[in-house]
Amino acid sequence: MTSFDDLLSNVPVAQIAEQLGVDEATAKTAIDAAVPVLLGGFQAQAGNPEVGLNLENEVANQPLGLLDGGVDINQVDVSNGSQIVDQTFGAEKNTVISALGNVGGSNISQDLMSKLLPMLAPIVLAYLGKKMLGGGGAAAQPSAAGGGGIGDILGSLLGGATSGQGGGGLADVLGKAMGQNAGGVLGSVLGGLLGKK
């Protein structure tokens, strides 16, 4: 199992489907599309030294036990997740949500995505925290490099995508996750975020 599949296995699809009022297949399609976009946004933030430090703080602020024994969606701080999404995508947030709303046909709406991203953001950050601690357990060790450690983890989760050379890898990940049209839009948005260093 890849790290990306491991991350997805921590997402409580059934609970999220219930909260969103959709069937599990629709929720899974939406989650599979949204998670790579969040990772791409976080990677763009990690590449910016000032914002990268904020990202590490957000990772450190997630409850350590969130992933233990499976995530309970009721323990996820959705209001914090909403702030994280706002900080990650900034002015491009609506573009991201709009493109994600075009995934998987008519079952997935922009409204559904705008509710889903704040649920997923704390789960993804808690997973990054677990990885930064070497899988969990030990006391939190802040990353020595300003965003380097978290950037490496994000890079491996995205399959080694983007290291500042135009983002072909990330565009491939997004294209597979959502189909070429939405993937192209999001690739451009995230490429722009990655360029702001």
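1. Contact here means heavy atoms within 4.5 Å. The model is a predicted one.

2. L39 belongs to helix α3, residues 24–46. Its relative accessible area is 0%, so L39 is buried.

3. Now the overall fold. The chain has 10 helices and zero strands. Read from the N terminus on, its elements run α-α-α-α-α-α-α-α-α-α. There are 197 residues in the chain, and 48% of them count as buried.

4. As for the surface, the accessible area of the chain comes to about 8900 Å². Carbon and sulfur atoms account for 48% of that surface.

5. The packing of α4 on α7 deserves a look. Helix α4 covers residues 49–61, and helix α7 covers residues 110–132. Their axes come within 8 Å and cross at roughly 90°. Angles of 65 to 115 degrees count as roughly perpendicular, so α4 is roughly perpendicular to α7.

6. Which residues make this contact? From α4 come L55, E56, E58 and V59. They meet L125, L128, G129 and M132 of α7. By class, the contact of α4 with α7 has five nonpolar, one polar and two charged residues.

7. Is E58 buried or exposed? Its relative accessible area is 14%, and buried means under 20%, so E58 is buried.

8. Beyond residues up to four places away in sequence, E58 touches N80, I84, Q87 and L125. The C-alpha atoms of E58 and L125 are separated by 7.3 Å. In sequence, E58 and L125 are 67 residues apart. L125 is also one of the α7 residues in the contact with α4.

9. N80 gives the view from another helix. N80 lies in α5, residues 78–89. With a relative accessible area of 14%, N80 is buried. Leaving aside neighbours within four places in sequence, N80 is in contact with E58 and Q62.

10. The loop between α4 and α5 holds L67. At 6% relative accessibility, L67 counts as buried. Which residues does L67 contact, leaving aside its neighbours within four places in sequence? They are N10, I123, A126, Y127 and K130.

11. The pair L67 and A126 has a distance to go with the contact. Their C-alpha atoms are separated by 7.1 Å. Along the chain, L67 and A126 are 59 residues apart.

12. Last, helix α6, residues 93–100. Its buried residues are V96, I97, A99 and L100. Seen down the axis of α6, these buried residues fall within an arc of 165°, so they line one face of the helix.

How values were computed. Residues are numbered from 1 along each chain as its sequence is written. This is a predicted model: local features need pLDDT of at least 70, side-chain atom pairs count only at pLDDT 80 or more; totals for chains, interfaces and linings use all residues. Side-chain values use heavy atoms; hydrogens and water are left out. Buried means under 20% relative accessible area, exposed over 50%, partly exposed in between (1.4 Å probe, protein chains only). Helices (H or I, at least four residues) and strands (E, at least two) are DSSP runs, numbered from the N terminus. The arc is that of the directions from the helix axis to the C-beta atoms. Axes are lines fitted to C-alpha atoms, for helices over the stretch in contact, and angles run from 0 to 180 degrees between N-to-C directions. Angles under 35 degrees count as roughly parallel, over 145 as roughly antiparallel, 65 to 115 as roughly perpendicular and the rest as oblique. Ala, Val, Leu, Ile, Met, Phe, Trp, Tyr, Cys and Pro count as nonpolar, Asp, Glu, Lys and Arg as charged, and the others, Gly among them, as polar. Accessible areas come from the Shrake-Rupley method with a 1.4 Å probe; for residues, only the protein chains shown count as cover.
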